[in-house]
Amino acid sequence: MPDAPAAPVRCDLRSDTVTRPDAAMRRAMAAAEVGDDVYGEDPEVNRLESELAAMLGKEAGLFLPSGTQSNLVAILTHCGRGDEAMVGAGYHVFRDEAAGAAVLGGVALLPLPLSDSGGVSARVIAAALRPDDVHYPVSRLLCLENTVGGRAVPLAETRAAAEAARRAGLSVHLDGARFFNAVTALGCGPADLAGVADTVSVCLSKGLGAPVGTVLVGPAALMARARRQRKILGGGMRQAGILAAAGRHALACNRAGLAGDHARAAELAGALSDLGAGAVSHATNMVFFTPDGGETAALRRALSAKGVLIGGQPRRIRMVLHRDVEDSALAAAIEAFRGFYGG
Ligand SMILES: *Cc1c(COP(=O)(O)O)cnc(C)c1O
């Protein structure tokens, strides 16, 4: 378990999942018109699914409890036992979902090396395709991700990867947990990015600020089959309109704020660079800091004592900007870093 914070929390940079619904979102939730979604009778869920599908240029949507379940439902819908899904080696589907596709679907995951921008190159995909040979699993699906560790993979690269897969008869799934951060950074329309893939998973519970929920979008026939997979996994929810209302509110009101998160990430990265204490990088709403002296544990403790929470791994610190980090909270975080380094 993580240590309990040593002081009242002033700035929580561990993830953009820590956002809490604001008053307007809670009002939207309280006012939600609901029904039993397993019967397809929850108006708010139905609206969320069709609105997001339309926004991304897809036929249909499916509301799920989490991004992990959404990716798993997508893989189980695209693939059968003995099929293989290619996935970037550092991607969430490969590294952070407990091999669910293998455990529950008998689907082999083939990790592929990432390009410098976090994508998977068409050349790498072409080289990984399996010949029709009884010794091998069947190449069936390519799983892409965007953003990747905060980086928005360029649209052209994403499109080239998807086309390489399609030419070989594979389907393409895009894990867009931070889809709107990617779209914001790339300056493209949602349908432009979504258009590269057959199915796209969009989390509402990260930078968009909803408490729960992910929507999977894609062709209507595929989404009908995905609905069965969701039920099998125990993801069929009942009066889920209360949650869908939060998601609809997030899509309507919180997308515009993502650019501000990206700007605050750049500001934090600039302030950390000025300290000259380690390697700093940033992309969209994330900042990474690797202290030269390896003092991550001491830094985490000192910042926590000031009410500033940071995430990441033992050597590299990750900080994620989100809608609950206002300018004053960011200033407190920068102040705490300066205090630690005497800067
Ligand atoms: C957070 C995340 C998910 C899914 O997360 P859940 O916690 O299951 O909602 C999937 N992919 C990426 C890239 C993520 O960052």
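1. Two strands count as paired if DSSP finds at least two bridges between them. The model discussed here is predicted. In this model, strand S7 and strand S8 (residues 214-218) run antiparallel and are joined by 4 bridges. Within this pairing, Val-202 stands opposite Val-215 in S8.

2. S7 also pairs with S6, here in the parallel sense and over 4 bridges. His-173 stands opposite Thr-199 in S7.

3. S7 is mostly covered, with 5 of its 5 residues buried. In a regular strand the side chains alternate between the two faces of the sheet. Both faces of S7 are covered: one side carries Thr-199, Ser-201 and Cys-203, the other Val-200 and Val-202, and all are buried.

4. Helix H8 (residues 179-186) has Phe-179, Phe-180, Asn-181, Ala-182 and Val-183 as its buried residues. The elements that cover them include the strands S6 (171-176) and S7 (199-203). Helices also take part in this cover, among them H2 (43-55), H9 (190-194), H11 (241-253) and H12 (258-275). After H8 comes Gly-187, whose phi is positive, near 70°.

5. Helix H13 (residues 296-305) packs with helix H14 (residues 327-341) at an angle of about 125°, and their axes are 10 Å apart. Because of that angle, H13 is oblique to H14. The crossing of the two helices is right-handed. On the H13 side, the contact is made by Ala-298, Leu-299, Ala-302 and Leu-303; on the H14 side, by Ala-336, Phe-337, Phe-340 and Tyr-341. By class, this contact of H13 with H14 has 8 nonpolar residues, no polar and no charged ones.

Conventions
Residues numbered from 1 in each chain as written. Predicted model: local features only at pLDDT ≥ 70, side-chain atom pairs only at ≥ 80, totals over all residues. Heavy atoms only, no water. Buried < 20%, exposed > 50% of the residue type's maximum accessible area, 1.4 Å probe, protein only. Contact = heavy atoms within 4.5 Å. Axes fitted to C-alpha atoms, helices over the stretch in contact; angles between N-to-C directions. Parallel < 35°, antiparallel > 145°, perpendicular 65-115°, else oblique. Left-handed = near helix turned anticlockwise from the far one by under 90°. Nonpolar A, V, L, I, M, F, W, Y, C, P; charged D, E, K, R; others polar.
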